[in-house]
Amino acid sequence: MKSVRTRFAPSPTGYLHLGGARTALFNYLFARHHGGSFVLRIEDTDKARSSQEYVEAILDGLEWLGLEADEGPIFQSGRDELYRARVESLIESGDAYYCFCTPEELDAKRKAAQAAGRSSAYDRTCRDLGRTPRSGEACVIRFRCPAEGQTGFRDLIRGPVVFDNAELDDLVLVRTDGSPTFHLVVVVDDIELGITHILRGEDHLSNTPRQLGIFKALGAEPPVYGHLPLIVGADRSRLSKRHGATSVGAYRELGFVPDAVVNYLARLGWSHGDQEIFSRDELVECFDVEGVNKSASAFDMEKFTWVNFEHMRRMGDRELADGSLPFFPDDLRPAIDPTRLQAAIPLLRDRAHSLVELADQARTFVDDDVRFDAKAAARFLGEEEQGRLRALSDALESVDPWETTAIEPAFRALADTLEVKLGKLAQPTRVALTGGTVSPGIFELCEALGKQRTLDRLRNACEQAAAGTLPLAESEA
RNA sequence: GGCCCCUUCGUCUAGCGGUCCAGGACGUCGGCCUCUCACGCCGAAAACACGGGUUCGAGUCCCGUAGGGGUCACCA
């Protein structure tokens with residue numbers, strides 16, 4: 001058996017979206033699982049709609065996801081000779097012909113056909129003209145599609161699929177301007193690159209019999225196809241802008257980590273028993289077209305967020321610290337001490353569902369400019385609390401070593417002495433240290449902050465609260 | 001509209017004729033834990049689209065119906 005070769009062939013007419021990313025992923029996994037190779041091909045035959053910007057966006061997206069290709073990117077724009085040679089052989093064998101119908105004529109015929117309820121397929125006016133163009137005469141080249149019989153194939157995911165050839169169209173292979181179209185270049189390149197398996201979106205299902213015809217006319221053995229169910233929005237319609245973010249880059253900016261995106265996308269339309277969380281290696285190990293579903297799957301932000309959370313908690317401190325760095329405010333980032341940030345990660349890991357949240361929660365650990373939430377200060381930094389906090393800072397003064405095991409007893413002893421519940425001490429402390437009412441455990445917080453910072457913040461907050469000069473956080477817009 | 005594809009809890013899914021009065025996960029709702037918020041733990045509600053067959057027996061096979069989706073370009 002030939003070794004497996006798959007490909008991902010996006011057209012650079014937009015950013016890498018979730019559907020494309022999943023198609024790339026499945027081809028990647030299939031190739032890796034079978035020890036084969038994965039080729040990246042850029043389908044930029046539509047010069048008007050393709051752009052370098054999108055090429056780079058797609059390349060970036062794939063790199064970020066870690067879906068590196070073994071070959072490519074191969075750009076179709078540089079391979080005209082290849083396509084021309086194949087078309088000539090098709091003309092020669094009679095499998096392709098010149099068509100002189102103008103776009104206006106075709107358009108009119110289509111409309112008339114639709115109005116009359118007939119098939120709007122090309123009426124094959126020029127099919128048997130047997131004419132070659134006079135010099136300078138405008139024409140396209142069409143594929144001579146078998147008019148009778150059936151074209152069927154065994155889909156890797158759907159099983160046997162059959163189309164009546166009568167339903168197929170004599171599609172255009174070469175445009176008036178001499179440029180090759182999608183159907184032609186796809187087939188030629190899949191032959192040239194020796195592609196053995198193609199996993200693509202279900203929207204290509206009806207293209208497959210047409211392309212199979214071209215393979216046959218070219219005397220080439222076609223690859224095996226598998227058509228993936230589409231990803232749809234919560235309303236079950238095709239995923240689009242109105243469903244919110246659809247580009248991979250958007251999720252990167254939302255603080256999703258690549259492994260989580262890969263995991264979630266893999267599980268959308270594919271499963272392996274009851275397992276939900278997969279590492280990259282596990283995916284390569286377990287991936288199998290048997291596990292691919294047939295029906296469209298709805299993108300669910302809630303579950304995606306949970307998957308991200310699960311991956312984040314499996315990441316190392318260093319990795320998370322580095323990953324969260326881009327999500328701090330620009331003016332703060334240069335001042336961040338990596339060691340302090342990293343020390344905060346263990347306290348935050350089970351609290352953040354995204355890198356954005358992580359950076360937000362880590363801020364108080366790396367930024368000594370504490371800003372107070374007005375409501376929190378009003379409620380927890382009154383005179384009574386200030387007294388307790390002064391007593392606390394005195395008590396903490398003698399704590400040694402500065403570890404939770406020593407800090408906690410100090411808190412509890414003071415609470416006993418003051419005859420208050422721990423909460424009456426802990427919550428004001430939290431506000432004094434962080435400016436807000438939400439944070440990791442208070443003892444861990446103190447330890448991570450260090451003795452000096454803890455005492456400084458405690459005393460500062462008391463002074464400022466007493467003087468009515470607490471710097472307030474800007475209220476949420 | 002023609003053709004093609006699809007149909008298990010709100011969502012992702014397990015199930016490949018009996019072990020399914022349908023299992024897991026997200027989400028939701030209770031509860032526990034608790035210095036706040038999380039995490040964790042325990043528990044609950046929640047689905048085989050419908051109708052015919054085949055079979056001793058169907059979520060699982062077949063055929064219809066309904067619903068959803070895709071596609072019908074000199075776009076890919």
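Predicted model: local features only at pLDDT ≥ 70, side-chain atom pairs only at ≥ 80, totals over all residues.

Q: Which residues of α15 are buried?

A: Glu-385, Gln-386, Arg-388, Leu-389, Leu-392, Ser-393 and Leu-396. Looking down the axis of α15, these buried residues fall within an arc of 160 degrees, so they line one face of the helix.

Q: What exposed residues does the face turned away from the buried side carry?

A: On α15, that face has Glu-383, Glu-384 and Asp-394.

Q: And what do the buried residues of α15 pack against?

A: Four helices: α14 (374-380), α16 (404-418), α17 and α19 (451-467).

Q: Where is Pro-401, then?

A: Pro-401 sits in the loop between α15 and α16. The peptide bond joining Asp-400 and Pro-401 is cis, with omega about 0 degrees.

Q: Next loop along. What is phi of Glu-419?

A: Near 55 degrees, a positive value in a residue other than glycine. Glu-419 lies in the loop between α16 and α17.

Q: Is Glu-419 buried or exposed?

A: Exposed, because its relative accessibility is 72% and the cut-off for exposed is over 50%.

Q: Why flag these backbone values at all?

A: Most residues other than glycine have a negative phi, and most peptide bonds are trans.

Q: OK, Arg-236. What is its phi?

A: Positive, about 75 degrees, and Arg-236 is not a glycine. The residue lies in the loop between β11 (231-232) and α7 (248-253). With a relative accessible area of 52%, Arg-236 is exposed.

Q: What share of the RNA atoms by the protein is sugar or phosphate?

A: 70% of the atoms of RNA strand B within 4 Å of the protein. The rest belong to bases.

Q: Give me some polar distances.

A: A polar side-chain atom of Arg-313 is 2.9 Å from a sugar or linking oxygen of RNA strand B. Ser-439 has a polar backbone atom 2.5 Å from a base nitrogen of RNA strand B.

Q: Which elements give two or more residues to that surface?

A: For the surface near RNA strand B, they include α4 (103-115), β7 (159-164), α5 (182-192), α10 (301-313) and α17 (422-434).

Q: You mentioned α5. What does Val-185 touch?

A: Val-185 lies in α5. Beyond residues up to four places away in sequence, Val-185 touches Thr-45, Gln-76, Tyr-83 and Pro-180. Val-185 counts as buried, at 0% relative accessibility.

Q: How far is Val-185 from Ala-410?

A: Their C-alpha atoms are separated by 75 Å, and the two are 225 residues apart along the chain.

Q: Last one: where is Ser-37?

A: In strand β2, residues 37-42. Ser-37 is buried, at 16% relative accessibility. A polar contact of 3.3 Å joins the side chains of Ser-37 and Arg-5. Residues in contact with Ser-37 also include Val-4, Thr-6, Ala-31 and Asp-70.

Terms used: Residues numbered from 1 in each chain as written. Chains lettered and ligands numbered in written order. Heavy atoms only, no water. Near = heavy atom within 4 Å. Polar contact = N/O pair within 3.5 Å; in protein donor to acceptor, adjacent residues only side chain to side chain. Buried < 20%, exposed > 50% of the residue type's maximum accessible area, 1.4 Å probe, protein only. Arc of directions from axis to C-beta. Contact = heavy atoms within 4.5 Å.
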